[in-house]
Amino acid sequence: MAKISSKDLGLQPINKLLIKQAVPASIGILVMSLNILVDTIFVGNWIGSIAIAAINVVLPVSFFIAALGMSIGIGGSSIISRALGASNKEKALKTLGNQISLTLLLTITLVVLGLLFADNIIVSFGGKGAMFVPAKIYYTIVLYGVPFLALCMMGNTVIRAEGKPKFAMYAMMIPSIGNLILDYIFINVLDLGMEGAAWATSISYVFCFAYIFWFFSSKHSELKINLSHFGLNPKLVYEIGSLGFVTLARQAVVSITYLFMNNILYDLGGETSVTSYAIVGRMLMFAMFPVLGLTQGFLPIAGFNYGAQNYARVRETINTAIKYAMIMATLVFILLMVFPEEITRMFTSDMNVINQTPNDMRWVFAATPIIAIQLIGAAYFQAIGKATPALLLTLLRQGLFFIPLILILPKFYGELGVWMSFPISDVLSTIVTAYLLNKEIRKDLIQ
């Protein structure tokens, strides 16, 4: 493998850089998403459709705690990218040490609280009726592995900030492949049911952590930290927190969305509707992998060149990223509009779910071609260290538009109102993002 330096982010052509950064990130997200999809297929076919709904209840809780790691990672990586762009390596090293300390402190605290209040949390997120017992089994075991996942998500963003996208890709692939192998062994061979699915997930997180630890200890990383870097620096903690809070707020809103959706859909359509949402949710994670990969590839390029005050390259990065992302989002849109029933049948043989899910899926993905503008726009403000507009745009779609819509529209349209809320919130948030991004470019990126 050719030696890659963070300085390449400021030198190579933008088209080439975006591809180099986005393809590994996309592959990593694809493998991770395939893992979630196949895991859901395994669970649905080997345990039952009720198990899919049970896991969907648990995911927002475990993902929120793990998202602390991603939040700290993205917040710190924005600082690291700009510090490397400004040739301030000591600040980059201190930032990484503080990221590790914060991740461990916060995630372990939340895991302990999550285990103490497990029953109340599960019921609050829709784990009612037949879903409660399998949800609690999965929740308890997966929570043990969440701190490892948080460290992986934190480390992965830092690896990408160093300009090492292939290593970041491997870090995402390892737990996915490990989980699929362990799923087969624990669920199909050893017949451990929900416990098997949960242990497969937790152990796969440990595999990923081992790889991340190896990377930062190896010659491949430019960031060689020592014990002095782990001491929390108030100014750095504030900067990491303010930028990372954008990502954490997004995941918090996602978790709140799951809470509302699972409860609203359970009341309107029972376990079938919750299962349908679980399948559509998996497709949201999977189908958008090229756009999400491009967004992740965009972050270090924009951050590095902004730190180096090369604003022409920042503008070019924004325009190219939006163009590529819209093309890929349109292809995703076409695929899901044409084959929703075939996709649903991969997850379950339950005819009630098969009859309902395709129509739900079409509604959810109806505005997909334009969502790239919203994703790249929010990512840009985070990349350049402007936490307030980044937070606003991150919360815009789900917090300011989607949640109010799912509380209001079902009163008039029933369950259809829930699914209509997806494209309406996509369109509204994209319009606002496009306006603010264009205003920012005209004000700050003129040389």
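Predicted model: local features only at pLDDT ≥ 70, side-chain atom pairs only at ≥ 80, totals over all residues.
Residues are numbered from 1 along each chain as its sequence is written, and side-chain values use heavy atoms, with hydrogens and water left out. Helices (H or I, at least four residues) and strands (E, at least two) are DSSP runs, numbered from the N terminus.

**Helices α13 and α14**

- Helix α13 (residues 371-383) packs against helix α14 (residues 387-408) at an angle of about 155°, and their axes are 7 Å apart. Axes here are lines fitted to C-alpha atoms, for helices over the stretch in contact, and angles run from 0 to 180 degrees between N-to-C directions.
- That angle makes α13 roughly antiparallel to α14. As for the cut-offs, angles under 35 degrees count as roughly parallel, over 145 as roughly antiparallel, 65 to 115 as roughly perpendicular and the rest as oblique.
- α13 and α14 cross in a left-handed way (left-handed if the near helix is turned anticlockwise from the far one by less than a right angle, right-handed if clockwise).
- On the α13 side, the contact (heavy atoms within 4.5 Å) is made by Ile-371, Gln-374, Gly-377, Ala-378, Phe-381 and Gln-382. The α14 side brings Pro-389, Ala-390, Leu-393, Thr-394, Leu-396 and Arg-397.
- Sorted by class, the contact of α13 with α14 has seven nonpolar, four polar and one charged residues. In this scheme Ala, Val, Leu, Ile, Met, Phe, Trp, Tyr, Cys and Pro count as nonpolar, Asp, Glu, Lys and Arg as charged, and the others, Gly among them, as polar.

- Which residues of helix α11 (residues 340-347) are buried? They are Pro-340, Ile-343, Thr-344 and Phe-347, where buried means under 20% relative accessible area, exposed over 50%, and partly exposed in between (1.4 Å probe, protein chains only).
- Looking down the axis of α11, these buried residues fall within an arc of 100°, so they line one face of the helix. The arc is that of the directions from the helix axis to the C-beta atoms.
- An α-helix has 3.6 residues a turn, so residues three or four places apart point the same way.
- α11 packs with helix α12 (residues 351-364) at an angle of about 135°, their axes being 9 Å apart. The two helices, α11 and α12, are therefore oblique to each other, and the crossing is right-handed.
- From α11, Pro-340, Glu-341, Ile-343, Thr-344 and Arg-345 take part in the contact. They meet Met-351, Val-353, Ile-354, Thr-357, Pro-358, Met-361 and Arg-362 of α12.
- The contact of α11 with α12 comprises seven nonpolar, two polar and three charged residues.

**Helix α12 against α16**

- α12 also meets helix α16 (residues 415-444): the axes come within 8 Å and cross at roughly 25°. α12 and α16 are therefore roughly parallel to each other.
- Gln-356, Asp-360, Trp-363 and Val-364 represent α12 in this contact, and α16 supplies Glu-415, Leu-416, Trp-419, Met-420, Phe-422, Pro-423 and Asp-426.
- By class, the contact of α12 with α16 divides into seven nonpolar, one polar and three charged residues.

**Residues in loops**

- Ser-221 is buried, at a relative accessible area of 5%. Not counting residues up to four places away in sequence, Ser-221 touches Glu-162, Phe-215 and Phe-216.
- Ser-221 and Val-158 are 63 residues apart in sequence, and their C-alpha atoms are 9.9 Å apart in space.
- Asp-191 lies in the loop between α6 (165-189) and α7 (193-217). Asp-191 counts as exposed at 65% relative accessibility, and its phi is near 55°, a positive value in a residue other than glycine.

- Thr-295 belongs to helix α9 (residues 289-307) and counts as buried at 10% relative accessibility. Leaving aside neighbours within four places in sequence, Thr-295 is in contact with Leu-375, Ile-376 and Ala-379.
- Leu-299 is also found in helix α9. Beyond its neighbours within four places in sequence, Leu-299 is in contact with Ala-379 and Ala-383.
- Leu-17 has its place in helix α1 (residues 14-46) and counts as buried at 1% relative accessibility.
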